[in-house]
Amino acid sequence: MPDQLQTRLFAELNSIRLIDPHTHIDPHAAASTTLADILGYHYYTELIHSAGMPREEIEEPGLDPKEQVRRLVERIEPLRNTFQYGWLLELSRAFFDFPADEDLTVDNWEQLYDAAAAKMAQPDWEQQVLERTKLDAVFLTNQFDDPLEGFDTSRYVPCLRTDDLVFHLGNVEVRQRLERATNTDVHDAASLRAAIGKLFERFVAKGARACAISLPPDFTPEGAPFGRLRSQFQHLAVFVDPVLSVVLRGLEGSDPDEQTRYDDYAKQVSQFVFWTLAEMCAEFKLPFDLMVGVHRGVYRGGVYQGQDLYDSRVSLIQYKDLFNALPQVTFPVSVLASVTNQELASYAWIFPNVVTNGHWWYSHTPSFIERDATARLEAVPQTKQIGYYSDVYKLEFALPKWAMYKRILAKILAERFVIDRGWSEERAVDLGRRVLRGNVERVFGMG
Amino acid sequence: MPDQLQTRLFAELNSIRLIDPHTHIDPHAAASTTLADILGYHYYTELIHSAGMPREEIEEPGLDPKEQVRRLVERIEPLRNTFQYGWLLELSRAFFDFPADEDLTVDNWEQLYDAAAAKMAQPDWEQQVLERTKLDAVFLTNQFDDPLEGFDTSRYVPCLRTDDLVFHLGNVEVRQRLERATNTDVHDAASLRAAIGKLFERFVAKGARACAISLPPDFTPEGAPFGRLRSQFQHLAVFVDPVLSVVLRGLEGSDPDEQTRYDDYAKQVSQFVFWTLAEMCAEFKLPFDLMVGVHRGVYRGGVYQGQDLYDSRVSLIQYKDLFNALPQVTFPVSVLASVTNQELASYAWIFPNVVTNGHWWYSHTPSFIERDATARLEAVPQTKQIGYYSDVYKLEFALPKWAMYKRILAKILAERFVIDRGWSEERAVDLGRRVLRGNVERVFGMG
Amino acid sequence: MPDQLQTRLFAELNSIRLIDPHTHIDPHAAASTTLADILGYHYYTELIHSAGMPREEIEEPGLDPKEQVRRLVERIEPLRNTFQYGWLLELSRAFFDFPADEDLTVDNWEQLYDAAAAKMAQPDWEQQVLERTKLDAVFLTNQFDDPLEGFDTSRYVPCLRTDDLVFHLGNVEVRQRLERATNTDVHDAASLRAAIGKLFERFVAKGARACAISLPPDFTPEGAPFGRLRSQFQHLAVFVDPVLSVVLRGLEGSDPDEQTRYDDYAKQVSQFVFWTLAEMCAEFKLPFDLMVGVHRGVYRGGVYQGQDLYDSRVSLIQYKDLFNALPQVTFPVSVLASVTNQELASYAWIFPNVVTNGHWWYSHTPSFIERDATARLEAVPQTKQIGYYSDVYKLEFALPKWAMYKRILAKILAERFVIDRGWSEERAVDLGRRVLRGNVERVFGMG
């Protein structure tokens with residue numbers, strides 16, 4: 001009876017208390033206040049736009065939340081096959097007593113809206129959601145100048161997100177944010193390095209557990225010259241300072257040759273900042289989450305957060321120098337395209353400092369998760385796999401997203417381990433517990 | 001009872017009347033006249049050749065059809081595991097009373113040959129095949145100079161195939177065919193554009209429902225300069241005219257430098273023609289079918305239509321500028337390698353004008369269809385998926401090919417939707433109906 | 001009852017006597033002498049290192065075998081989920097009476113060690129393992145200067161491995177080994193070609209059945225100039241001689257420009273040697289095993305044989321010229337990344353001289369084997385598929401590795417052929433027999 005076996009395993013897995021090692025939760029507004037926060041998730045707005053609703057109608061400024069939900073529900077029919085729509089129904093049933101056999105329609109949305117608003121208005125709503133989802137802690141995605149104040153950092157764990165520092169330091173606003181956040185005049189390699197060091201000091205003091213970055217498919221951390229010169233910082237500065245000063249000065253005018261030269265210099269600065277971050281991870285003993293493969297702004301007419309896509313032609317061989325140069329840093333790696341998952345499993349099988357991390361974005365769909373998690377569970381040491389993170393913006397989504405993963409995990413454990421390999425159910429659940437919770441504690445030092 | 005569920009769903013799906021949105025049917029000889037038309041399908045000749053039969057024996061000029069079938073059957077044993085051989089048995093059973101438990105052998109082929117010939121000689125044979133297959137309409141693949149006359153264009157729907165225009169305009173024959181077909185002296189950008197416009201006018205007047213092209217993996221439509229200059233056609237001509245005149249004049253001699261320069265110019269002309277076609281699709285409101293990823297003539301010693309292969313390293317990021325520039329054009333996209341399917345699903349999930357289209361050629365095998373269709377059904381809005389086209393050259397193949405797809409679709413709907421997600425069977429069949437038929441009507445305006 | 005069907009099919013497949021067409025067996029020490037030979041397999045050392053054990057502790061020189069096993073077992077817990085650990089248990093149960101319900105632990109390893117040592121000390125141990133595994137013959141991987149003496153070449157079949165010749169001929173040791181092995185002064189194209197010819201003569205005289213090579217993902221055999229000039233060897237030598245003389249002289253000093261020029265020349269020599277080998281395969285009628293896609297030494301701190309990884313961005317289009325130029329040579333092709341498997345299946349479907357060959361290394365895991373074998377079984381002629389090779393270094397591993405493959409094959413035959421396509425079990429077993437044994441005989445001329 002494989003189905004009953006799977007059900008039993010799911011029940012066991014579903015009883016495990018969780019730490020969510022990557023989200024975009026705002027700790028000052030972790031839960032939703034209306035259904036507009038739920039339907040405003042980019043998964044819905046981008047799919048509804050893709051199915052034909054003009055962006056202007058979706059993102060009309062100053063729109064009343066209830067009207068916004070009405071509009072989106074009116075156009076939601078084309079999404080009913082999607083797993084994302086499945087999350088919406090599952091959370092509505094779990095939290096807001098939405099009937100099990102109904103779709104969200106123009107006839108019943110208002111009732112749901114009002115029921116949700118009433119629940120969300122309860123003073124302990126956030127706590128209810130956390131308890132219901134069995135969430136002990138939730139990792140955040142903090143901008144480098146986030147003050148990290150006014151919330152419980154043991155529940156909402158800070159993580160230093162560094163995309164801006166690596167890819168947009170030439171942007172005058174970013175530089176000024178960095179200077180303000182660190183009280184440092186950033187003008188050369190030494191002062192930039194010092195400023196970054198101060199960020200790490202502050203984040204670690206506030207309980208940060210990871211540094212993180214998302215990377216385009218054509219990014220390759222270059223070991224030389226920066227890698228080779230790592231231990232000779234004074235020497236390195238001779239190369240970096242002139243390049244950095246050009247980038248910090250910014251691009252003036254629109255001469256194409258200037259632009260090309262500037263872009264080239266900006267890339268060199270990206271390399272320098274990236275390596276500096278990796279070295280700081282070593283110094284401050286923080287794992288460095290690498291999220292590999294996204295191209296930003298591919299669809300220029302898309303809704304907010306619905307414009308990014310990818311080129312699946314990327315390889316972890318691009319990270320060879322990095323993984324070799326910093327054996328003391330743990331790199332939890334996420335890949336955007338499922339085709340990269342075999343490489344990820346192989347690199348984690350060989351490199352002690354590479355750990356598989358969740359199922360990201362366009363690979364975060366049931367059939368890709370099943371395929372990718374299976375490949376990892378059969379070939380990567382069980383201590384080196386972080387099974388899942390939810391990537392949510394609002395707490396309510398953690399329940400259906402984690403449930404989706406736990407069902408798939410129960411299926412893999414049932415079919416591939418208990419049936420195919422003759423494992424006991426207890427042992428299968430132990431493996432599940434490790435990838436669900438134990439490795440999060442281990443990798444990020446949450447013990 | 002998953003098997004019975006799957007059987008019930010298949011029965012429902014199998015009752016749906018179909019429109020086949022991409023074939024190579026000749027409307028003047030849509031059905032076969034002997035079994036040689038069936039066994040002459042490139043799927044059989046190329047596999048039999050691959051298994052060891054010399055091309056010369058397969059393609060001997062002037063060979064009697066019966067002798068040709070005898071020869072092929074003699075060498076067909078190595079193919080018995082293939083799904084393509086499965087089509088042959090299924091259509092022979094369905095149309096020619098071939099026994100259910102027999103293989104095609106040197107002992108029974110002649111009986112089948114004669115039975116088929118007798119059926120095919122019936123005056124309403126074509127109609128019988130269409131009815132048995134439940135085909136209401138069949139899209140064609142028409143060369144740009146096809147007269148489109150002498151057949152019912154509501155049953156056999158014209159589609160403008162444009163590979164020759166984009167990739168072989170320097171070929172003097174192609175240019176002359178274009179000039180004759182449009183009664184236009186083609187010598188510069190303006191006259192070329194005018195000629196292409198006339199093709200669209202004629203095709204649309206004849207009821208054409210799509211423009212289509214197959215593209216090599218290294219083709220990237222370039223937005224600039226042509227894209228940027230689209231609205232300033234006069235300005236554009238200044239660039240295009242000199243390049244075009246070189247290409248239209250053709251290459252003389254064999255100087256390698258000349259060849260390189262010519263090839264470069266030919267590529268620029270390909271870009272110009274491709275963008276012009278896309279713009280005409282906007283003007284004439286035709287979807288533009290993109291079939292991405294084929295390398296022609298890779299195996300030079302192969303049989304007719306059995307020489308093409310691919311490089312799976314291709315990305316839809318190459319089409320970014322096109323998808324952004326022409327939001328009013330619908331692009332039904334087919335990909336040749338299954339590894340590109342995740343990108344296709346993701347691009348259709350984000351871009352309103354990208355639609356997934358069938359399972360093409362080397363990805364048109366049961367296990368790839370199952371995997372790729374699953375990824376689409378779970379993440380792409382249900383209105384944006386054209387489930388299947390048969391790509392057949394003769395009508396008789398539509399039955400087993402569509403049946404193969406419908407069985408896989410029934411399996412996915414049973415396992416992933418009815419069982420995993422608790423859908424009703426009725427709802428699952430509705431989703432199936434949409435990808436089988438409804439979206440063909442919707443995307444190609446067949447309502 | 002799919003499970004019982006699968007069990008019946010497995011029993012039939014498991015009764016077939018085997019020829020293993022690719023291993024790294026040392027015919028002078030084919031079986032193990034202690035459990036250290038088993039646990040010293042790179043699959044265990046690299047995974048244990050990846051899970052945290054320092055390389056120095058694993059590879060301490062002069063370590064006693066028993067102590068080595070003790071250390072490894074102490075750190076083996078993180079591997080218990082892996083299929084590689086599964087082989088260890090399966091072979092321990094099959095050969096050394098290890099209890100079916102126990103894991104290998106610090107408490108029971110010594111008992112297993114002693115039991116194994118006792119068995120391995122039996123004079124006919126090698127013969128017992130061969131019989132138990134039903135192995136009639138085992139292909140070797142012989143260096144070009146292997147004397148090929150002192151063993152039964154009908155049981156241990158020589159194969160000429162050529163990586164050193166193609167990629168390291170500039171290494172003075174390799175050149176000297178070649179000169180000694182062929183009694184030839186290698187100094188130009190003609191003498192190099194003559195030397196290679198002598199290798200083939202010797203190997204073929206000793207019963208060699210294949211030439212083999214592993215290739216990095218960026219290697220592309222170049223048809224021109226070498227291909228075009230094949231029939232004009234004198235002419236070719238004019239180009240090759242000066243290049244070859246530079247490479248054979250070796251690189252002096254460390255001038256970067258010199259290095260670049262030398263590397264470029266070395267690549268040209270690789271091309272020449274590779275094409276010469278392929279031509280010799282034609283002349284001596286040997287299949288040329290191509291193992292496509294490995295990058296050597298990616299993880300520099302890894303254990304012995306645990307440093308290699310890959311870049312999955314490789315295409316068989318790179319081998320187009322080779323496959324076209326030498327239709328008389330059979331190329332059994334293995335690919336390192338599963339993503340390349342679809343291309344492999346397609347190229348074998350089209351090219352008569354391309355044969356699919358086993359499941360290599362990082363694609364040699366249950367879920368990738370299942371996926372890749374399915375794609376081949378449904379689309380490649382059944383005569384053109386070599387199902388499996390074990391790649392083992394010690395005979396004892398052949399049993400669990402072949403068993404893993406046979407279970408997967410039984411599953412595919414049960415689900416995809418008997419159930420989905422209505423095949424008889426007998427017919428399914430016939431297909432299994434062909435890919436397990438018949439095609440090895442056919443392709444390598446073992447009949």
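Let's start in chain C, where strand 1 and strand 2 (residues 135-139) run parallel and are joined by 3 bridges. Strands pair if DSSP finds at least two bridges between them, and helices (H or I, at least four residues) and strands (E, at least two) are DSSP runs, numbered from the N terminus. Within this pair, C:Ile19 stands opposite C:Ala137 of strand 2. Before going on, please note that this is a predicted model, in which local features need pLDDT of at least 70 and side-chain atom pairs count only at pLDDT 80 or more, while totals for chains, interfaces and linings use all residues. Residues are numbered from 1 along each chain as its sequence is written, chains are lettered from A and ligands numbered from 1 in the order in which they are written, and side-chain values use heavy atoms, with hydrogens and water left out.

The two strands belong to an open sheet of 3 strands in chain C, with the order 1-2-3 and parallel pairing. Strand 1 (18-20) and strand 3 (156-157) of chain C stand at the edges with a single partner strand each, so one side of each has no neighbour in the sheet.

Helices of chain C meet this sheet. Helix 8 (residues 125-133) lies across strand 1, strand 2 and strand 3, running at about 105° to strand 2. Helix 18 packs on the sheet as well, touching strand 1 and strand 2, and its direction makes about 110° with that of strand 1. Axes here are lines fitted to C-alpha atoms, for helices over the stretch in contact, and angles run from 0 to 180 degrees between N-to-C directions.

Helix 18 (residues 398-421) of chain C also packs with helix 17 of chain C, at an angle of about 50° and with the axes 10 Å apart. The two are therefore oblique to each other; angles under 35 degrees count as roughly parallel, over 145 as roughly antiparallel, 65 to 115 as roughly perpendicular and the rest as oblique. In their contact (heavy atoms within 4.5 Å), the residues of helix 17 include C:Ile369 and C:Leu377, and those of helix 18 include C:Ile408 and C:Phe417.

Helix 17 (residues 366-379) of chain C packs with helix 16 (residues 366-379) of chain B too, at about 130° with axes 8 Å apart. These helices are therefore oblique to each other.
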